[in-house]
Amino acid sequence: MKNFLLFILLLGLGFSQSKVSIQDKEIEINENEAVVEVLGMVCSMCAFGIGEGFAKTDFIDKSKFTDGVSVDIDAQYVQLSLLESTNINPEKIVQVIEDAGYDVNLLFIHQNEKLTKFSKDKLGILQPIASNVSNKK
Amino acid sequence: MILRLFAIFFILLSSISAHPVIFKNGKVFWIAQNPSFNDIRFGISKTSNWLIGGRFLEDRKSNETFALINNNYLAKRWNNRNSQANLYLLSSAGMNTKNSEIMGNIGMHVDWEDRQFMVMQMLEYFSHNSSFVSNSRLAYSPYKVDYNRMSIWLIAHYSVEYQNEEYRHMFIPVIRLFKGNYLVELGSNGNNSFLTFMTHF
């Protein structure tokens with residue numbers, strides 16, 4: 001019973017940290033942020049197109065990061081600052097990445113105090129696979 | 001004239017085309033000079049796998065110039081963790097600016113790259129002189145850089161041109177620099193030089 005309570009306590013601490021992991025890199029994700037693992041993003045010219053795509057959307061908070069977008073080519077992810085008033089549809093994020101010519105492997109969205117992890121199923125449809133995930137691939 | 005326009009339209013439809021293709025609604029401006037051609041292009045990616053634009057091509061050996069419509073198609077992209085591979089189909093069609101003769105160019109481009117290595121092979125056919133051109137590249141980046149720093153690539157560029165039952169071979173070492181949305185390539189082997197400037201916006 002003690003072990004079970006300890007497990008619950010540690011799990012709770014994990015949630016409050018709101019960290020996710022992409023390619024073994026831990027990323028802190030705050031409320032109204034998203035983290036996307038992008039497949040094929042191997043150079044800055046690739047990443048430029050992704051930034052341009054998000055700049056034209058209506059759900060990015062451009063006051064954070066660089067116009068609302070932070071790119072890490074080493075770990076192959078993009079971190080987005082989302083407008084507080086927007087209840088983001090994850091498909092919109094995936095569409096921007098695909099319009100730039102790249103693929104999404106994993107997507108994490110932290111909104112309404114809930115961290116949700118999305119992945120594509122075998123049919124290529126984006127599905128939520130876990131909520132309040134923390135530091136798990 | 002109408003027949004020529006139909007011919008150009010037919011070539012554009014029948015020969016899917018080219019490189020580069022960029023992000024949806026992105027624009028590319030590209031100047032290239034190599035021992036065979038001076039090449040200026042402007043294009044718009046209508047989707048993430050189709051770019052269409054204008055091209056002004058000068059054959060440096062024959063001094064012929066061509067005004068072309070350039071049509072580039074990304075037939076397949078393999079996006080993987082830390083690497084990417086592409087298959088492009090390329091075409092251009094238009095006219096000789098002096099005598100209005102129709103000119104067409106078709107080609108295929110395949111490449112694979114990760115953060116430090118790149119291999120590329122391109123094959124093209126040019127109708128105005130019935131030549132086939134093969135361009136091959138092996139490239140290495142001595143260090144990985146993040147989004148905001150300049151990337152440097154060292155490229156071994158080898159080209160073979162087949163025309164009138166004769167082959168011409170050429171090797172040029174090239175250095176590629178890019179940062180953000182700007183790319184410059186410079187190369188020389190003493191006898192021939194190579195220059196490219198490209199920007200996306």
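Q: What makes the span of α2(A) close to the expected one?
A: In this predicted model, α2(A) has 12 residues and runs 16 Å from first C-alpha to last, close to the 16 Å expected at 1.5 Å a residue. The expected span is 1.5 Å times one less than the number of residues. It counts as a helix as a DSSP run of H or I with at least four residues (strands are E runs of at least two), numbered from the N terminus.

Q: Why is α2(A) called largely enclosed by the rest of the structure?
A: Because 11 of its 12 residues are buried. Buried means 20 or more other C-beta atoms within 10 Å of a residue's own; exposed is 12 or fewer, and partly exposed is in between, with C-beta atoms placed from the backbone. Among the residues that pass are M45(A), F48(A), I50(A) and F54(A).

Q: What makes the largest nonpolar core a core, and which residues touch the most other members?
A: A nonpolar core is a set of buried Ala, Val, Leu, Ile, Met, Phe, Trp, Tyr and Cys residues joined through C-beta atoms within 7 Å. This one has 50 residues, and A34(A), V36(A), V38(A), I97(A) and L107(A) touch the most other members. α2(A) gives the most to it, six residues. A second, separate core of five residues includes L57(B), F66(B), L68(B) and M103(B).

Q: How many residues of chains A and B are in contact?
A: 22 of chain A with 25 of chain B, contact being C-beta atoms, placed from the backbone, within 7 Å. On chain A, α2(A) supplies the largest share, seven residues.

Q: How are residues and chains labelled, and which pLDDT limits apply?
A: Residues are numbered from 1 along each chain as its sequence is written, while chains are lettered from A and ligands numbered from 1 in written order. Local features need pLDDT of at least 70 and side-chain atom pairs count only at 80 or more, whereas totals for chains, interfaces and linings use all residues.

Notes: Contact = placed C-beta atoms within 7 Å.
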